[in-house]
Amino acid sequence: MKLSERFDRRYQQTPTAPQTPVTAPQEVVVAPVTATDGVAGIAPVERRAAPRDGAAQQVVEAQHATEAPAALSPALAAAKAEIHADLLRRHAAAIDITNRAGIRRLLLQLTEDHFRAKPPAALVTAADRERLVDILFDEVIGLGPLEAPLRDPDITEIMVNRPEQIFVERRGRIELTNLAFEDEDSLRRVIDRIVSTIGRRVDESEPMCDARLKDGSRVNVVIPPVAIYGPCLTIRKFGREVLTPEKIVAAGGSNEAILEYLNAAVQTRLNIIVSGGTGSGKTTLLNVLSGFIPSDERIVTCEDAAELRLRQVHVISLESKPANVEGRGQITIRDLVRNSLRMRPDRIIVGEVRGGEALDMLQAMNTGHDGSMSTVHANNPRDAVTRLETLVLLAGTELPSRAIRGQISSAINIVVQTERLRGGARKIVSVAEVLGIVDGEIALQELFSFHQVAVTPDGRAVGYHTATGTTSNFQPHFQSNGVELPSSMFAPTPQPPMEQLY
């Protein structure tokens, strides 16, 4: 039976969270409430490689560039500012952002009144008026010019360097758009709208802030005086599609053997650390791995900004909280991890360890919470283990290195390394097991790796996944838990022809 079939049977009685349809913008964001949370399961699929025709790619990107709305003319920009000011002056108290149709009717009426009062020379076309109403509508209840890239499924990241300069990442490539905010005040209004929805603030005293949109997309804000040339806003979108292991394989992010092994590791409650650089897909993979957890287990997640979207029903999501204006009330990830130990969890999932919470997480893994998972920033599995050792020291406890390494070697079982390669592809590049302490150092053995072979003319790194030939050290553990992994899974794969690389 395929893993995907086993997963579907496991969750066929499990209600899933309703998804918001892709319609007009909501209060903060228009993207549907779907994330990269995993629907576990993997079956052999045909890998469909991305087209390598660079010219075709450029044509598609050119089409996207022409579809983006150009900046308003000075006359329309002035009219927009006047209509927006009129709306706030006359109807600010009566605006109900849940009444979308009513707001659009009101904007249409205000626009008609505005241009009716102008001399004939200032009249504009019906298309210009409709476009003006759309822009005003997005500003009143949405995120202004960011609504268009938020709706585009090909765009994965939005980077506002300053009001008049907005970059996006489309299919792994960064490009400049012709979108722009009217002025710095318009950008600040959008920023305040985002951060206020989750009870956070950003001002001169706290010029940096991490937030999220309603669909879980990650948001980072930096404003003056830290940002010299004006407010900066970065949004890392969650994909519209629910990412499954099969889709990861089809996209070339992994192979069947790796995900089969990770499925067995999660089911048999081995502790896993997902390591990688910024934007390498750590949280995405953590979501997929969490889908392998049985539905009858109690899971507690601890995050800075809630991004994980677990499919299970018995899930408690905890989120850190910054200090208030008086400098009090801060709740850190470490506080959440310590509190989660009192909540009777079967597994604890920490979105990312970046400080002293590493010690509490290791202690939780060593005290009956097997099968826990987390992510860490590191360049390879060896660096991930070393960085965990450094993070434990940030807890402020005077522990000797040997004691810390002993904690890590007994708590962490598997390190999965992700990487964003040239061309934007995100792949699992290494899976390593922690063997214990050997000659005072933590010993690792690599089971699977990605071998990069070449770079295509359009700038994509291509290669193939293979086992290293080393058999898993946890084979007895798997067998005692009723999971049989064939020895052929760990046999090296010969290099395929160039046309089959991904």
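Visitor: Is arginine 171 buried, partly exposed or exposed, and what is its relative accessible area?
Guide: In this predicted model, arginine 171 is found in the loop between β2 (165–170) and β3 (173–176). Buried means under 20% relative accessible area and exposed means over 50%, with partly exposed in between. Arginine 171 therefore counts as partly exposed, its relative accessible area being 29%.

Visitor: What is the phi of arginine 171?
Guide: Most residues other than glycine have a negative phi. Arginine 171 is not a glycine, and yet its phi is positive, with a value of about 55 degrees.

Visitor: Where does aspartate 439 lie, and is it buried or exposed?
Guide: Aspartate 439, a residue other than glycine, has a positive phi near 55 degrees. Its place is the loop between β13 and β14. Because the cut-off for exposed is over 50%, the relative accessible area of 79% makes aspartate 439 exposed.

Visitor: Which kind of peptide bond, cis or trans, joins proline 224 and proline 225?
Guide: Most peptide bonds are trans. Proline 225 is found in the loop between β5 (218–222) and β6 (232–236). With omega at about 10 degrees, the bond that joins proline 224 and proline 225 is cis.

Visitor: In what order do the strands of the open sheet of 9 strands stand?
Guide: Strands of a sheet pair through backbone hydrogen bonds, either parallel or antiparallel. In this open sheet of 9 strands the pairing is mixed, and the order is β9-β8-β10-β11-β7-β12-β13-β14-β15. The edge strands, each of which pairs on one side only, are β9 (315–319) and β15 (461–467). Ignoring direction, neighbouring strands of this sheet are turned against each other on average by 25 degrees.

Visitor: What does α10 touch when it packs on the sheet, and what angle does its direction make with that of β11?
Guide: Helix α10 (residues 282–290) is mostly covered, since 8 of its 9 residues are buried, among them Leu285, Leu286, Val288 and Leu289. As it packs on the sheet, α10 touches β7 (272–276), β10, β11, β12 (414–420) and β13. The direction of α10 makes an angle with that of β11 of about 165 degrees.

Visitor: Which strands does α14 touch, and what angle does its direction make with that of β13?
Guide: Helix α14 (residues 401–411) has Ile404, Arg405, Ile408, Ser409 and Ala411 as buried residues. What covers these buried residues includes α12 (357–365), α13 (381–393), β13 (426–438) and β14 (441–455). In packing on the sheet α14 touches β13 and β14, and its direction makes with that of β13 an angle of about 120 degrees.

Visitor: In β11, which residue is the bridge partner of isoleucine 349?
Guide: Both faces of strand β10 (residues 347–350) are covered, with Arg347 and Ile349 buried on one side and Ile348 and Val350 buried on the other. β10 and strand β11 (residues 373–377) pair in the parallel sense over 2 bridges. In β11, the bridge partner of isoleucine 349 is methionine 373.

Visitor: How many bridges join β8 to β10?
Guide: Isoleucine 299 stands opposite arginine 347 in β10, and valine 300 has isoleucine 348 as its bridge partner there. Strand β8 (residues 299–303) and β10 run parallel, and the number of bridges that join them is 4.

Visitor: With which side chain does the side chain of serine 320 make a polar contact?
Guide: Serine 320 lies in the loop between β9 and α11 (333–340), and with a relative accessible area of 9% it is buried. Leaving aside neighbours within four places in sequence, its contacts are Arg200, Glu303, Asp304, Ile331, Thr332, Ile333 and Leu336. The polar contact of its side chain, at 2.8 Å, is with the side chain of aspartate 304.

Visitor: How many Å apart in space are serine 254 and serine 449?
Guide: Serine 254 has its place in the loop between α8 (245–250) and α9 (256–267), where it counts as buried because its relative accessibility is 0%. Serine 254 and serine 449 are 195 residues apart in sequence, while in space, C-alpha to C-alpha, they are apart by 9.5 Å.

Definitions and conventions: Residues are numbered from 1 along each chain as its sequence is written. This is a predicted model: local features need pLDDT of at least 70, side-chain atom pairs count only at pLDDT 80 or more; totals for chains, interfaces and linings use all residues. Side-chain values use heavy atoms; hydrogens and water are left out. Buried means under 20% relative accessible area, exposed over 50%, partly exposed in between (1.4 Å probe, protein chains only). Contact means heavy atoms within 4.5 Å. Two strands pair if DSSP finds at least two bridges between them. Axes are lines fitted to C-alpha atoms, for helices over the stretch in contact, and angles run from 0 to 180 degrees between N-to-C directions. A polar contact is a pair of N or O atoms within 3.5 Å; within protein, one must be able to donate a hydrogen and the other to accept it, and residues adjacent in sequence count only if both atoms are side-chain atoms.
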